[in-house]
Amino acid sequence: MLLECFYHAPRSNWAYAYDKDTIHLRIRTKRDDVERVTAIAGDKYDWNAHHTNYEMQRVASDRMFDYWEVGIKPKYKRYSYGFQLEAGDETVWMTETGIHHEQPTPPGGYYEFPYIHEIDIFTAPDWAKEAVFYQIMPDRFANGDPSNDPEGTQEWGGQPQIDNYFGGDIQGVIDHLDHLEDLGVNAIYFTPLFVSPTNHKYDTVDYLKIDPQFGDIELLKRLVEVCHERGIRVVLDAVFNHCSEQFAPFQDVLEHGEKSKYRDWFHIHEFPVGVHDGIANYDTFGFYGHMPKLNTGNPEVKEYLLEVADFWLREVKIDGWRLDVANEIDHHFWRDFRKTVKSANPEAYIIGEVWSNSLMWLLGDQFDSVMNYPFSDKVLQYFSTTYMDGTTFSNEISHLLMRYTQQMNEVIFNLLSSHDTPRVLNRVGGDKRRLKLAVVFLLTYIGTPCIYYGDEIGLDGGDDPDCRKCMEWDREKQDRELFDFYKLLIALRREHSVLRHGRFGFLKADDNDTRIIYERIDESMHFTVWMNNTEEHTTLSHPIETNDWFDALSGEGVQPEDGVMNIELDPLGYRILYRKID
């Protein structure tokens with residue numbers, strides 16, 4: 001065994017409380033190197049009376065490592081533990097003091113999980129595990145009230161530019177809630193609604209006022225009310241990293257310079273404030289001088305922004321916040337933000353925009369979730385071509401799963417496209433069969449899925465701003481077959497809890513083969529998903545001993561022959577099977 005590859009860290013995503021009774025332990029070993037791992041656990045205060053050996057399962061593998069996991073339920077909410085690792089006739093033990101060729105006498109030197117404190121457990125709202133989100137960019141969804149159109153509003157359906165408007169508004173969303181309810185989504189994420197000089201609204205002028213081109217606070221209250229009546233949650237977008245140059249405190253700095261009482265609300269390097277040769281002498285979002293960065297470490301700024309968060313939760317009864325450029329704001333701010341939000345609404349869902357490994361924000365004291373762009377990148381790399389084989393894809397997905405704890409993975413915000421990326425149809429080269437494979441994976445995978453408005457009816461679009469086209473409301477121009485497909489898969493996910501809560505794992509993912517099989521399984525239901533990511537007809541086979549399988553979409557019975565399930569698939573085809581577990 002290659003001992004240098006062994007890794008475990010106590011009190012982290014390698015050893016954490018999943019719930020008030022259960023501890024999850026993980027350990028890493030070199031891929032295909034270790035045959036068996038056992039967690040040796042006991043109570044340090046009376047090891048002889050309270051110790052148990054737990055066989056660990058290999059739950060994931062990537063290009064270099066295997067990952068092993070087990071859940072244990074200590075009677076007294078505490079455990080000391082170590083690991084026994086075996087391969088052939090070699091056995092070693094790993095404890096906090098190192099790797100040993102003879103078992104150290106427990107519990108001295110063993111790892112410790114001192115106590116399961118329920119208050120310390122990462123928890124996200126239960127409803128987020130059940131949600132299928134729908135992202136709406138208000139200016140591009142529907143124009144329900146032409147009277148509030150901004151000057152120069154263009155004809156609906158025109159080519160999006162960085163600075164044009166099409167008149168979408170809150171009333172337009174209210175008018176089309178039947179579309180969302182028919183589709184089956186039960187949560188909406190809005191890009192910003194607050195006063196701003198741009199069409200995207202990511203440069204806020206007034207955090208306490210709805211942009212008049214969308215409506216007003218009373219109309220937003222009405223929208224939230226009717227959404228709640230339909231069982232649809234509403235999450236708004238907050239931009240606390242930066243603001244518009246028209247934001248009143250920044251205007252005060254421009255006018256009064258060093259004498260401005262708001263000078264410390266921003267990161268200003270010199271006065272007078274200005275932009276020279278394209279570079280501002282104050283910190284900004286990117287290099288955009290019209291978006292000055294807020295100093296969230298300043299107590300006055302923090303108090304103002306936390307009051308903003310609290311106001312919309314209490315006044316309008318929204319169900320959470322999506323947080324723009326969240327990784328560029330200090331952790332102290334986010335910890336206080338969570339306390340404010342959960343005080344106003346303990347069931348509020350907090351989603352941070354972080355494009356990379358986000359564990360630091362998901363320790364239970366800041367966010368409930370993050371936008372899982374690494375997931376969308378890997379999924380679309382795989383399904384957009386036939387170049388990535390099953391082994392590589394499973395390695396990538398497994399690596400992502402091991403970044404976070406189980407409960408984090410259950411609510412991570414999975415998406416295939418958004419206002420910041422090309423649309424999924426473009427990412428798969430316009431091939432609807434490939435789009436369907438990606439959507440099947442999204443809606444049968446662990447986490448909280450999100451659909452970008454219009455993807456469900458075949459809206460296309462390249463890089464920003466092309467990905468921000470107007471929603472198509474002419475049914476003759478919509479891809480209704482694609483809509484029905486989305487509707488079918490969303491209904492399947494919402495009907496079967498195993499697709500939201502069950503364990504995920506690959507059953508087949510091989511070298512030089514782009515076909516895969518994966519499963520979702522819990523105590524009462526077992527789903528298997530068979531995917532042919534090739535341009536040829538194929539038969540996928542896998543050992544399955546149990547009977548009573550059914551096609552999840554057609555209801556047709558499907559049975560293995562001589563212990564092997566053989567599934568015929570069309571080019572770029574898929575099939576979803578399930579069986580009840582007695």
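Does N533 count as buried or exposed, and why?

Modeller: N533 counts as buried because its relative accessibility is 0%. The cut-offs are under 20% relative accessible area for buried and over 50% for exposed, with partly exposed in between, using a 1.4 Å probe and protein chains only. Some ground rules come first. The model is predicted, so local features need pLDDT of at least 70 and side-chain atom pairs count only at pLDDT 80 or more, while totals for chains, interfaces and linings use all residues. Residues are numbered from 1 along each chain as its sequence is written, and side-chain values use heavy atoms, with hydrogens and water left out.

N533 sits in the loop that joins β27 (525-532) to β28 (538-543). Strands here are DSSP runs of E with at least two residues, and helices are runs of H or I with at least four, numbered from the N terminus. The side chain of N533 comes to 2.9 Å from the backbone oxygen of Y382. Y382 is also among the residues in contact with N533, once its neighbours within four places in sequence are left aside. Contact means heavy atoms within 4.5 Å.

Strand β27 belongs to an open sheet of six strands, ordered β25-β26-β27-β32-β29-β30, with antiparallel pairing. Its edge strands, β25 (503-509) and β30 (557-558), each pair on one side only. Two strands pair if DSSP finds at least two bridges between them. At the β25 end, six antiparallel bridges link β25 with β26 (residues 515-521), and A509 has I516 of β26 as its bridge partner. In a regular strand, side chains alternate between the two faces of the sheet. Helix α10 (residues 390-401) lies across β25 and β26, and runs at about 160° to β25. That angle is taken between N-to-C directions on a scale from 0 to 180 degrees, with axes fitted to C-alpha atoms, for helices over the stretch in contact.

Parallel pairing can be seen around another strand, β15 (residues 233-238). Five of its six residues are buried, so β15 is largely enclosed by the rest of the structure. Strand β12 (residues 187-190) pairs with β15 in the parallel sense through three bridges, with A187 opposite R233. Strand β20 (residues 320-323) also runs parallel to β15 and is joined to it by three bridges; there, W321 is the bridge partner of L236.

Technical notes:
Polar contact = N/O pair within 3.5 Å; in protein donor to acceptor, adjacent residues only side chain to side chain.
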